Amino acid sequence: MVEDGRDARRPHGELVADVLAVLWAAEEPLTPQQINGALGRDLARTTVTTILTRLHEKGTLVRTRSGRGFAYAAADDAAGLAAGRMRRELDREPQRDLVLKRFVSSLSGEDEEALRRLLLESEDGE
């Protein structure tokens with residue numbers, strides 16, 4: 001999409017998702033410069049650093065010293081992050097049983113069966 005001869009800005013969430021995808025694919029922690037290079041865009045150094053800092057503050061990323069700066073890695077994989085979001089939403093609700101009931105009733109048959117299987121496996125593992 002082009003507006004006034006310039007590329008329109010991409011949604012912030014899309015850039016965050018792209019940064020996370022780069023980190024999940026990496027075999028080791030990456031610096032902001034390495035991440036920017038992997039994204040293949042001409043982003044300002046501060047843009048990438050700000051995103052990484054905010055994700056670190058939320059606990060989504062871990063960081064280690066790398067020279068005078070930091071290298072970043074994902075704290076969890078995509079499934080773990082989604083599970084964490086689900087857990088935080090559930091923790092906010094005083095009527096947990098009702099939330100869980102409505103969640104389960106909205107699942108497809110396949111998802112409901114997978115959930116039943118996982119709950120049984122969880123019981124067997126304890």
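The following legends describe close-up views of a predicted model of a protein.

**Figure 1. Overall arrangement of the secondary structure.** The protein contains 6 helices and 4 strands. Starting at the N terminus, these elements follow the order β-β-α-α-α-β-β-α-α-α. Of the 126 residues in the protein, 20% are buried. Among the contacts with a separation of 6 or more, 39% join residues 24 or more positions apart.

**Figure 2. The largest nonpolar core.** This core comprises 16 residues, and those touching the most other members are Val-19, Leu-23, Ile-35, Leu-52 and Leu-61. Two or more residues are given to the core by each of α1 (12–25), α2 (32–39) and α3 (45–57). The greatest contribution, 6 residues, comes from α1.

**Figure 3. The surroundings of Ile-35.** When residues up to four places away in sequence are not counted, Ile-35 touches Val-19, Val-22, Leu-23, Leu-30, Val-48 and Leu-52. Ile-35 is also one of the core residues that touch the most other members.

**Figure 4. The packing of α2 against α3.** The axes of α2 and α3 lie 9 Å apart and form an angle of about 110°. Because angles of 65 to 115 degrees count as roughly perpendicular, α2 and α3 are therefore described as roughly perpendicular to each other. On the α2 side, the contact is made by Pro-32, Gln-33, Ile-35 and Asn-36, while α3 provides Arg-45, Val-48, Thr-49 and Leu-52. Classified by residue type, this contact has 4 nonpolar, 3 polar and 1 charged residues.

Methods:
Residues are numbered from 1 along each chain as its sequence is written. This is a predicted model: local features need pLDDT of at least 70, side-chain atom pairs count only at pLDDT 80 or more; totals for chains, interfaces and linings use all residues. Side-chain values use heavy atoms; hydrogens and water are left out. A nonpolar core is a set of buried Ala, Val, Leu, Ile, Met, Phe, Trp, Tyr and Cys residues joined through side-chain atoms within 4.5 Å. Buried means under 20% relative accessible area, exposed over 50%, partly exposed in between (1.4 Å probe, protein chains only). Contact means heavy atoms within 4.5 Å. Axes are lines fitted to C-alpha atoms, for helices over the stretch in contact, and angles run from 0 to 180 degrees between N-to-C directions. Angles under 35 degrees count as roughly parallel, over 145 as roughly antiparallel, 65 to 115 as roughly perpendicular and the rest as oblique. Ala, Val, Leu, Ile, Met, Phe, Trp, Tyr, Cys and Pro count as nonpolar, Asp, Glu, Lys and Arg as charged, and the others, Gly among them, as polar.
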